[in-house]
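Q: Could you take me through a close look at a single helix and what it packs against? I am new to this structure.

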Amino acid sequence: MEPFLIEEVQARLGATQVEYISGKVFFNTNLELSMLKKLKSAERLFLLLKKCPPLSFRGNKGRIIQDIQKLVNENPRCWLDTTAVWRSLYDQSAKQLNLCQEYPDSKKQKLEEEKHIENEKQKMQIILETDTIKNQIEDQQKCDTHDVCKDILLPQGRLFLENTPELIQDKTIVCNSYFSFRVSCRCSGILAKLFTAQELGKIIGIALMKNFGWKADLRNPDLEIFVHLNDVYSVIGIPLFRLPLASRAYIKTAGLRSTIAWAMTSLAEIKAGAFVLDPMCGLGTILLEAAIEWP
């Protein structure tokens, strides 16, 4: 799926510095979160904490554990900066959601207000009279309600993201800022023969608690740390969205994976307005993806 994702992030997001390794694509973008959610060929999206060469397996098991702990201990500032970006995005997202719930008819209010302002302008032309105080109040109301549900801007960074220090260099970050967290670890290759994923997660989790004072919570954490270690690379990231991008609101019954269905429809080079026939459609996932992407 990497070629499909590379093509999509370049075409849909105008992404730069695109590169990939097996199963993962890295890129830079400065678009809104709503645009990132429109990616169809990706399973999940992460803020990148670290992308390193594979761990060395020389020496005894204790030496390997020390190398794993270095993923946390060597550059704690990177962890603090990236979690600060994540927390900022999370807080802004929650704030925007509350505003949207508080003002569900903000668009309607905006249209009504614009109509009211236009009527006032016409009235002013007729009677040649201006009520300054009234206009100031209307302008203030317009500022308060304008784009109340506007999308959040994602800071320029690297998706599966590489942190951009200049964005947060003025922020004061306290090392013992409270987080509950969980480490989700995947390992393969030589490392998988020496440690289970649970053991690796525990090693990294203990290092995080010692360095930053965070609290482990396996059931309902504030923050999830994703770790993937194998013979080719070591990658650590934070999920950007709680739900996978592959979860489609318009697909109610699980069938063919939505990412695969989208890739198949993209290969068909469907034009807008074309008729799409799938005589063995099953649950119709391919047809749904085609209808949404190329109506």
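A: Helices α1 and α9 are roughly perpendicular to each other (the word is used for angles of 65 to 115 degrees), so let us start there. This is a predicted model, in which local features need pLDDT of at least 70, side-chain atom pairs count only at pLDDT 80 or more, and totals for chains, interfaces and linings use all residues. Residues are numbered from 1 along each chain as its sequence is written, and side-chain values use heavy atoms, with hydrogens and water left out.

Helix α1 spans residues 2-13 and helix α9 residues 258-267; they pack at an angle of about 75°, with their axes 11 Å apart. Axes are lines fitted to C-alpha atoms, for helices over the stretch in contact, and angles run from 0 to 180 degrees between N-to-C directions. Helices are DSSP runs of H or I with at least four residues, and strands are runs of E with at least two, numbered from the N terminus.

Phe-4, Glu-8 and Arg-12 of α1 meet Trp-262, Ala-263, Ser-266 and Leu-267 of α9, where contact means heavy atoms within 4.5 Å.

Now look around α1 itself. Its buried residues are Glu-2, Leu-5, Ile-6, Glu-8, Val-9 and Leu-13; buried means under 20% relative accessible area and exposed over 50%, with partly exposed in between (1.4 Å probe, protein chains only). They cover an arc of only 165° around the axis, which puts them on the same side of α1; the arc is that of the directions from the helix axis to the C-beta atoms. On the other side of α1, Pro-3, Glu-7 and Ala-11 are exposed.

The buried residues of α1 pack against β1 (16-21), β2 (24-29), α2 (33-36) and α9. After α1 comes Gly-14, with a positive phi near 65°.

Notes: Parallel < 35°, antiparallel > 145°, perpendicular 65-115°, else oblique.
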